[in-house]
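The questions below concern a predicted model.

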Amino acid sequence: MTSRDRVTSPASGVPAVSWLYVPGDRPERFAKAAASGADVVIIDLEDAVAPARKDEARANAAAYLRERASDPGDVAVHVRVNDLTTPRGRDDVAALAGLPGLDGLRLPKVESAAVLDALGDCPAPAYAVLESAAGVLAASAVAAHPRVAGVALGEQDLSAELSVTDVAALNQLRLQVVLAAAAACLPPVPMSVYPNVRDEEGLLASCAAGRAIGMFGRAAIHPRQIPVIRRAFTPTEEETARAAEIAEAAERAEREGLGAVALPDGRFVDAPIVARARRTLALARHLAPPTA
């Protein structure tokens, strides 16, 4: 995997839908997180860990990565290190670089592309989290950095800094990052965590709003949120049927050697629409409930 590869579910090839944080100082939860149904487990060395336990958390993460190297399974494991502008963050990277069980590094508080040069020779794909006004303004440069495999927003810190309480204003910030990721040919931007783990309806509604502006997937802070996130990003029956119609028309055009794809109702669609339809079908297959 190169630093520009998309994060995908190994079984399906579709982008990751759910990303579950687990505190680095709670190693007894690592295996449970991996069995939660999340596509990516993020061992957190940053906000979820008290300063006095950060060295212990780093050691726990390294030990777990070594253990899983021989049998990684279907779940990707990332580590959120501390701020790369601090000695602790750079020490985190140095301790984890090259460990075979590490599928990615999640980098908090990124505010410039230059910060990413601190990764040095670490081969793990890097995922930059933009959590400040400076970070959002630098989104295009960060996303274009050759070490970056994906970007995301840290919405709680960002909203606090800007005193943003209006969802419409937050959506403008989200769109800036969505645009930067798309321009850099990165995966869709996953949504930030939803802090109320008991509010499933609120989580669903929030996911729907993010999905409508081009975001895809979401980070979680509790396993109970994973099924809700998967449901929120599962294509509807109508979307799946529409995608199947477009894919079938494209296959028919390819068999007949036609350049244009015509739908039964007389409308024509071009290649990007066909590609999107095929992605929708792949996602629907991946997220479909298991059959008895």
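**Sheet and salt bridges**

Q: In strand 2, which residue is the bridge partner of proline 23?
A: Strand 1 covers residues 18-23 and pairs with strand 2, residues 40-44, in the parallel sense over five bridges. Within strand 2, the bridge partner of proline 23 is aspartate 44.

Q: In what order do the seven strands form the open sheet?
A: The sheet is open and its pairing is parallel. Neighbouring strands in this sheet are turned against each other by 25° on average, with direction ignored. The order of the seven strands is 6-5-4-3-2-1-7.

Q: Why is one side of strand 6 and of strand 7 left without a neighbour in the sheet?
A: The order of the strands is 6-5-4-3-2-1-7. Strand 6 (148-153) and strand 7 (218-220) each have a single partner strand, so one side of each has no neighbour, because both stand at the edges.

Q: How many residues apart are lysine 109 and aspartate 47?
A: The side chains of lysine 109 and aspartate 47 meet in a salt bridge, at 3.8 Å from N to O. Lysine 109 is in the loop between strand 4 (104-107) and strand 5 (126-130), while aspartate 47 is in the loop between strand 2 and helix 2 (54-68). The pair links distant parts of the chain, and the separation is 62 residues.

Q: Is arginine 58 buried or exposed?
A: The side chain of arginine 58 meets that of aspartate 92 in a salt bridge of 2.7 Å, N to O. Arginine 58 lies in helix 2 and aspartate 92 in helix 3 (residues 87-96), so the pair ties together parts 34 residues apart in sequence. Aspartate 92 has 1% relative accessibility and counts as buried. The cut-off for buried is under 20%; at 16%, arginine 58 counts as buried.

Q: What is the relative accessible area of glutamate 245?
A: Glutamate 245 forms a salt bridge with arginine 242, the closest N and O atoms being 2.9 Å apart. Both residues lie in helix 10 (residues 237-255), three residues apart, about one turn of the helix. Arginine 242 counts as partly exposed at 30% relative accessibility. Glutamate 245 is partly exposed too, with a relative accessible area of 28%.

Q: Which residues do salt bridges that share partners join into one network?
A: The whole structure holds 14 salt bridges. One of them is the pair of lysine 109 and aspartate 47. Salt bridges with shared partners make one network of Asp44, Glu46, Asp47, Arg80 and Lys109.

Key:
Residues numbered from 1 in each chain as written. Predicted model: local features only at pLDDT ≥ 70, side-chain atom pairs only at ≥ 80, totals over all residues. Heavy atoms only, no water. Pairing = 2+ DSSP bridges. Helix = DSSP H or I, 4+ residues; strand = E, 2+ residues; numbered from the N terminus. Axes fitted to C-alpha atoms, helices over the stretch in contact; angles between N-to-C directions. Salt bridge = Lys/Arg side-chain N within 4 Å of Asp/Glu carboxyl O. Buried < 20%, exposed > 50% of the residue type's maximum accessible area, 1.4 Å probe, protein only.
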